[in-house]
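Thanks for passing this one along. Here are my notes, as numbered points to read beside the coordinates.

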Amino acid sequence: MPGGGVLRRLLAARLAAEEDAGRPPQLPQPAPPTPAKAAAIAIGRAADRLYGLEVQPTAIAPGALSLAELPELLPDPALLAVLEGPGEALGVMALSPEAVTALIEVQTLGRITGRPAERRRPTRSDAMLCADFVNALMAEIAQELDGIDGFEGWAGYRYASYLDDPRPLALMLDDRPFRSMAMDLRLGGPQGREARILMAAALEEPDLRAIHGGRIEELAICEWSRREGRVLARRQERLGALVLSDRIWAEVPEEAVARAALEGLRQDGLSWSKAAARLRARIALVDALGPVDDASLLGDGGWLLPWLGKARSLADLRALDLAEPLRARIGWEGQQLLDREVPAHFVTPLGRRVPIDYDHETPSIELRLQELFGVTRHPVVGGRPLRISLLSPGGRPVQVTTDLPGFWATSYGDVRKDMRGRYPRHPWPEDPTVADPTMRAKPRGT
């Protein structure tokens with residue numbers, strides 16, 4: 001064929017060039033096997049030598065995982081063959097129900113049937129029938145992977161016992177990295193059983209870095225720990241969920257601390273001092289300044305970040321006074337609008353500044369009745385009438401009103417009679433709307 005002639009001429013030219021250079025001709029060297037290809041050869045050889053069983057790998061994935069990840073990757077249910085390795089090392093091989101059924105059938109019937117695999121808890125008998133295959137596969141895996149950088153650690157593992165429940169694995173195996181090999185297979189030819197086998201064995205860190213160095217991430221982590229109630233700042237090397245190194249991040253930027261602390265606030269909630277709660281209640285009465293319920297404030301929490309850079313603990317978050325951050329959130333123009341529409345104080349006719357209490361549904365103040373003589377329009381804030389608790393000269397409540405002109409016209413007469421008897425040295429005019437406000441008593445003898 002023309003293509004073959006071209007290849008022959010190229011090969012001849014290469015050999016001639018090597019002879020001219022004084023080197024003996026070298027045949028092209030085959031590419032080294034990949035770990036996946038080596039594993040496919042290993043399982044095919046083990047199944048063929050033991051049972052003459054045909055195996056067709058459909059997917060093989062070498063990898064690394066943590067002890068915490070292992071249970072999530074096991075077939076369910078699975079026969080778990082506990083492997084004993086060099087020294088006191090332990091590993092595990094998990095065989096899916098389809099793999100167990102195929103191995104039992106080929107030994108008892110001499111063939112693989114088409115009956116559905118029974119998804120039941122494996123027994124000791126199942127384990128004994130699979131033990132030879134487990135040992136053969138581990139021996140072949142060790143042989144085929146020998147010489148592939150980072151994959152030599154499979155040697156010396158053999159079947160030791162079995163588990164029918166994955167929960168004891170966390171107690172039996174060390175909390176360390178594991179090399180893994182996940183194999184999806186068709187056992188028994190094209191019409192055979194689709195099965196899955198997962199192997200895991202202890203992995204030393206140098207091997208892990210040799211195999212997966214390109215996938216290892218260096219992470220700077222600053223996050224809120226709900227369990228510890230504080231910001232945790234760490235520098236870690238990770239392979240997926242596997243933590244290879246973990247150390248304190250000493251020079252963590254305040255911006256990162258603030259973002260983590262904000263998450264702590266979202267979990268724990270905002271703590272309101274009296275001053276901050278009063279300010280929030282005022283802002284809530286001005287629609288133009290936006291919603292100030294906890295959900296809205298924490299949903300858009302960027303306004304809090306400048307005050308969270310040094311907050312490391314739950315105690316720090318709860319000690320944060322939100323009044324100043326709230327003022328910064330609405331800005332200078334917002335504060336001017338707030339002071340016009342919903343002032344913090346009511347200024348009496350005598351010029352005294354009385355704090356307005358916004359903690360309740362209706363803003364309210366307390367002051368002596370006589371200080372409002374001459375006021376004929378009821379004070380309003382945020383479009384709402386103030387709830388006024390009118391006090392006697394002794395500071396006791398005598399009336400609560402949201403309609404001061406109505407009080408002057410109706411109830412004041414009865415209050416005047418009572419107060420004149422109790423406080424005769426204080427002025428109690430018949431028409432309070434034209435009297436001068438006062439907090440003074442009449443001189444003695446008048």
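1. Let me start with a turn: Gly87 takes a positive phi near 65° in the hairpin of E2 and E3, where five residues lie between the strands. Please keep in mind that this is a predicted model.

2. Strand E4 (residues 158–163) runs antiparallel to E2, and five bridges join the two. Here Glu84 is bridged to Arg158 in E4.

3. Next, helix H5, which covers residues 124–145 and has 22 residues. From first C-alpha to last it reaches 30 Å, close to the 32 Å expected at 1.5 Å a residue. Do look along its axis, though: H5 has a kink of about 40°, centred on Cys130. Just after the helix, Gly147 takes a positive phi of about 95°.

4. Arg416 deserves a careful look if you plan to assign charges. This residue sits in helix H14 (residues 412–422) and is buried, yet has no salt bridge. Which side chain of opposite charge is nearest to Arg416? That is Glu430, 4.2 Å away; a salt bridge would need a side-chain nitrogen within 4 Å of a carboxyl oxygen. Leaving aside neighbours within four places in sequence, Arg416 is in contact with Trp428, Pro429 and Glu430.

5. Another arginine, Arg387, belongs to strand E15 (residues 387–391). Its relative accessibility is 37%, so Arg387 counts as partly exposed. Not counting residues up to four places away in sequence, Arg387 touches Thr362, Pro363, Ser364, Ile365, Val400, Thr401 and Thr402. For Thr401, which is 14 residues from Arg387 along the chain, the C-alpha separation is 5.9 Å.

6. Finally, the overall picture. The protein has 14 helices and 16 strands. Of its 446 residues, 42% are buried. Among contacts with a separation of 6 or more, 60% come from residues 24 or more positions apart.

Methods. Residues are numbered from 1 along each chain as its sequence is written. This is a predicted model: local features need pLDDT of at least 70, side-chain atom pairs count only at pLDDT 80 or more; totals for chains, interfaces and linings use all residues. Side-chain values use heavy atoms; hydrogens and water are left out. Helices (H or I, at least four residues) and strands (E, at least two) are DSSP runs, numbered from the N terminus. The expected span of a helix is 1.5 Å times one less than its number of residues. The bend at a residue is the angle between axes fitted to the seven residues ending there and the seven starting there. Two strands pair if DSSP finds at least two bridges between them. Buried means under 20% relative accessible area, exposed over 50%, partly exposed in between (1.4 Å probe, protein chains only). Lys and Arg count as positive and Asp and Glu as negative; His and the chain ends are not counted. Contact means heavy atoms within 4.5 Å.
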